[in-house]
Amino acid sequence: MKFSLFAISAIYSASLASAFAPASRPAAVRSSVVSVAMADAQFDQEQFIAESKEMRLKHLEEQAMYALKISCENYDNAVFPNAMIAGDVVITHLLHRMGHLKDGKCTVMCVDTFHLFPETMEFLKELEAAYEFKAEIFNAEGIPVGDKEAFDKRYGADLWKENIEEYDRVCKVEPFQRGLKTCNTNCMINGRTRWQGFERAWIDLFENAPIGGGLAKCNPLAYWTLEDCFDYIAKHEILAHPLHAKGYPSIGDAKDTIPIPEDGSVKFVDFKFEGDKTAWLDYASERKGRFVGLANADGSTKTECGIHVDGAEKTWDRDLWEADKSKVKKIESTDAALEIKNSGKPSVVVVYAPWCQFSVAMEDEFEKFAASADVDVYSFRGDEERDFVQGNLNTESFPTVNVIKADGTAVKYESEVRTVEAITKFLAETL
């Protein structure tokens, strides 16, 4: 490099002279200025920046590998939940280089929400083949891996529209935590960084996660920027998610992830940026295209999927019409529901979801109705048996009240006035 110690000395001298010398400078000072000009001419700025970046990446790489070494060699069951975004493919590459994917010291885990881009799970197969590992895949409870049709029948294709917190619980938080438990995780590796936004601005290389009573959590890229990640991907020609080449800086669910800018003018193609990369690389911009159009229950803009939030697994306080505490009898299964429907006895059944604000709102009034009714009154949780309640209990939304006639016919109460008097009147008219 041409930038010499002499030049540094000359610049330093010139700055001192500039600060303290009078406007009419002596010849000695003018000579220093000439030296500075000569030094500037020898200063290769682009080379200096490139070498500085190389030094930075080398330090970040060593730091990340140190953190991964601690995690994989000091814990029996290190697990890496991999979302295949830029930082995650860097971690995958590093784990491979260290041999921890092949030797089994680190397990890769993925959560399939059934709402991912089609490219995401296909890309996982590419990573598995290239780095010689097999990921453990988890999805909504009770659903076979990859069976979107079964998910839609049980939970509903539009669950995320009805209640985003419940969607997060069912599709992200619960399978994520079940995955960690199934893998006997005692150290979780993840790709969160301080650069991603104020919610993560103070994370360190290691912390305790608020999951399952607490477990060790390793953030090997804590001090990386998104630019560092893409620089590293480019330097080592690491496999990257194909949607980066279509304008997506970060990739989540297809339903709420968009390119940034929306016209797709910024891309990462063949390990190079096209367009104004600052749209991706500014502070807290990585996830700017994520959770678009979504809001939390309190109306605030959604920025976290719930997986990394304390208490996110709990999106409702309790079940409604709890067994042994209510006059409303609980139906525990679809078989039990059919038995009641075909019993030859009239009854009233409410199909509800515990997270539904309208179900919650009618709880007290329906309890009073059960106490005064001369027929059996039941509740059936329908959000996890959607196909069944649609076909047998007239349910398209929650709550739905049905009067079951002696012949087994379910007659839907169409009104949204759910008072004791209104439901009692409908019961009398129906029977």
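Me: Contact means heavy atoms within 4.5 Å. On that basis, which residues in H4 do Glu61, Ala64, Met65, Leu68 and Cys72 in H3 meet?

Reply: First, a caveat: this is a predicted model, where local features need pLDDT of at least 70 and side-chain atom pairs count only at pLDDT 80 or more, while totals for chains, interfaces and linings use all residues. Residues are numbered from 1 along each chain as its sequence is written, and side-chain values use heavy atoms, leaving out hydrogens and water. Helices (H or I, at least four residues) and strands (E, at least two) are DSSP runs, numbered from the N terminus. With that settled, the H3 group meets Ile91, Leu94, Leu95 and Arg97 in H4.

Me: Is H3 roughly parallel or roughly perpendicular to H4?

Reply: With axes as lines fitted to C-alpha atoms (for helices, over the stretch in contact; angles from 0 to 180 degrees between N-to-C directions), H3 (residues 45-74) and H4 (residues 86-97) come within 10 Å and cross at roughly 65°. Under 35 degrees is roughly parallel, over 145 roughly antiparallel, 65 to 115 roughly perpendicular and the rest oblique. That makes H3, relative to H4, roughly perpendicular.

Me: And H4 with H5: roughly parallel or roughly antiparallel?

Reply: The axes of H4 and H5 (residues 118-131) come within 11 Å and cross at roughly 20°. The two helices are therefore roughly parallel.

Me: Which residues of H5 make the contact with H4?

Reply: On the H4 side you've got Val89, Thr92, His93 and His96. The contact as a whole divides into four nonpolar, three polar and no charged. From H5 come Phe123, Ala130 and Tyr131.

Me: What covers the buried residues of H14?

Reply: Buried means under 20% relative accessible area, exposed over 50%, partly exposed in between (1.4 Å probe, protein chains only). At 16%, Phe426 is therefore buried, and the buried set also includes Val420, Ile423 and Leu427. The cover includes strand E10, helix H12, strand E12 and E13.

Me: Is Met84 buried or exposed?

Reply: Met84 has a positive phi, near 65°, without being glycine, and lies in the loop between strand E1 and H4. Its relative accessible area is 2%, so Met84 is buried.

Me: What about Asp324, buried or exposed?

Reply: Phi is positive in Asp324 too, near 70°, and this residue is in the loop between helix H10 and strand E9. Its relative accessible area is 82%, so Asp324 is exposed.

Me: Which loop holds Pro399?

Reply: The peptide bond from Phe398 to Pro399 is cis, with omega near -10°. Pro399 belongs to the loop between helix H13 (386-392) and E12.

Methods:
Nonpolar A, V, L, I, M, F, W, Y, C, P; charged D, E, K, R; others polar.
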